[in-house]
Amino acid sequence: DPMHLACAFAALVWSAAAIPLGLHTARTRDATEMVVVWSTADRVASSVVYRPSGLPGPWEHAEGHSVTFTKGDFNACNKNNNSRASTLYSDPGWIHRAVLKGLLSSTNYTYIVSGAAQEFWLESPPSPTEEAVHFDAFGDWYDVPPGWRTVEEVHDDVLRREVSLVLHVGDICYACGNLTIWRDFFDRIQPVASKVPWMPAIGNHEFDYRQQHWRPQWLQAGDDSGGECGIPYFSYFPMPHPSNAWYSFDHGPVHFALISTEHDFLEGSEQHTWLEQDLRSVDRTVTPWAIIGGHR
């Protein structure tokens, strides 16, 4: 029956367009929350259901939202100068974000994102009173065999419950305007980042472009992002307050502050003022460790 085949093909195309890809998680400033991020080809529902793993009972529901970006966004920040990002542009689809709330500390949760045919699990953040936490940290990741081994080793650490957080301090995947590399990166890290928060700091290869506002000569800023201007980075990584470019959060006994070395961080700048106030606000009797991460 041609009509039956046409309907079946249409359903297959729709379901493929709704398949979640590049699943990753992130922290908020609230230790009882986690953000789940994923992409789909089409604009579909942005919802997640979740509950403690292995326990009966109702599923909690988190309703999120989706964002995207266009070739016009690259053209605007590059003043239509035919940047690499504009030339190589391919549709990123829709990037979904949903916040899981009311999580118990250091607990495995099973979750399902809308459109997925499988369950995933994540480990919720540790309690603020936890005496110790373990995390992996690195920067400058390339999608080549040594980079693959790094992700595999981090994955092994996660499966052994040896780490509950990953810090990726700049030069996330050297996409430099090629969105296919961003998609490959998120597919590569999904086995890790779907389970524990993947917390980045922005680097020159995500942000530097010729029209950026802050370009002191000693920074030697160029066009290292290939005209991305931070657009994919900010879309894929919804970070905690106050901005995607710099932010902080507590993870057990550690206060993390991730800064941007691509934005003004000198004394008197918005970022420097924020960092001073942020560090002063840490109660070192509760959170004795403070770690600052930046790329340059």
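The structure is a predicted model, and the values below are computed from its atoms. A search of the whole structure finds 1 disulfide, and this disulfide joins Cys77 to Cys229. The largest pocket has a volume of about 200 Å³, and its lining is made up of 14 residues.

**The disulfide**

- The sulfur atoms of Cys77 and Cys229 lie 1.9 Å from each other, S to S, in the disulfide that joins these two residues.
- The pair links distant parts of the chain, with Cys77 in helix α2 (residues 71–77) and Cys229 in the loop between α6 (204–207) and α7 (231–236), 152 residues apart.
- The torsion about the S-S bond of Cys77 and Cys229 is about 65°, and the disulfide is therefore right-handed.
- Both partners fall under the 20% limit of relative accessible area that defines a buried residue: Cys77 counts as buried at 16% relative accessibility, and Cys229 counts as buried at 7%.

- Cys173 is in no disulfide, and the nearest cysteine sulfur, which belongs to Cys176, is 8.2 Å away.

- Most residues other than glycine have a negative phi.
- Asp171 has a phi near 50°, a positive value in a residue other than glycine, and its place is in the loop between β10 (166–169) and α5.
- At 3% relative accessibility, Asp171 counts as buried.
- Cys176 is likewise not a glycine and has a positive phi of about 50°; Cys176 is also found in the loop between β10 and α5.

**The largest pocket**

- Of the 14 residues that line the largest pocket, Leu21, Ser39, Thr40, Pro92 and Arg183 lie nearest its centre.
- Strands β1 (21–26) and β2 (34–40), together with helix α5 (179–193), each supply at least two residues of this lining.
- By residue class, the lining of the largest pocket divides into 6 nonpolar, 5 polar and 3 charged residues.

- Trp94 has its place in strand β6 (residues 94–100) and, at 21% relative accessibility, counts as partly exposed, since the buried class is limited to values under 20%.
- The C-alpha atoms of Trp94 and Ser39 are separated by 5.5 Å, although the two residues are 55 residues apart along the chain.
- Leaving aside neighbours within four places in sequence, Trp94 is in contact with Trp38, Ser39, Thr40, Ala41, Asp42, Arg43, Ser66, Val67 and Thr68.
- Asp42, one of these contacts of Trp94, lies in the loop between β2 and β3 (47–52) and counts as partly exposed at 37% relative accessibility.
- The C-alpha atom of Asp42 is separated by 5.4 Å from that of Ala17, which is 25 residues away along the chain.
- With neighbours within four places in sequence again left aside, the contacts of Asp42 are Ala17, Trp94 and His96.

- The buried residues of helix α8 (residues 270–280) are Gln271, Trp274, Leu275 and Asp278.
- These four residues cover an arc of only 100° around the axis, which puts them on the same side of α8.
- The buried residues of α8 pack against strands β12 (247–251), β13 (254–258) and β14 (289–293).
- Thr287 lies in the loop between α8 and β14 and, with a relative accessibility of 7%, counts as buried.
- Apart from its neighbours within four places in sequence, Thr287 is in contact with Asp250, Gly252, Pro253, Val254, His255 and Val282.

Notes. Residues numbered from 1 in each chain as written. Predicted model: local features only at pLDDT ≥ 70, side-chain atom pairs only at ≥ 80, totals over all residues. Heavy atoms only, no water. 1 Å grid on protein atoms, 1.4 Å probe; cavity = no way out; pocket = protein on both sides within 12 Å on 5 of 7 lines; lining within 4 Å. Points joined across faces, edges and corners; volume = space filled by probe spheres on them. Nonpolar A, V, L, I, M, F, W, Y, C, P; charged D, E, K, R; others polar. Buried < 20%, exposed > 50% of the residue type's maximum accessible area, 1.4 Å probe, protein only. Arc of directions from axis to C-beta. Contact = heavy atoms within 4.5 Å. Disulfide = S-S within 2.5 Å.
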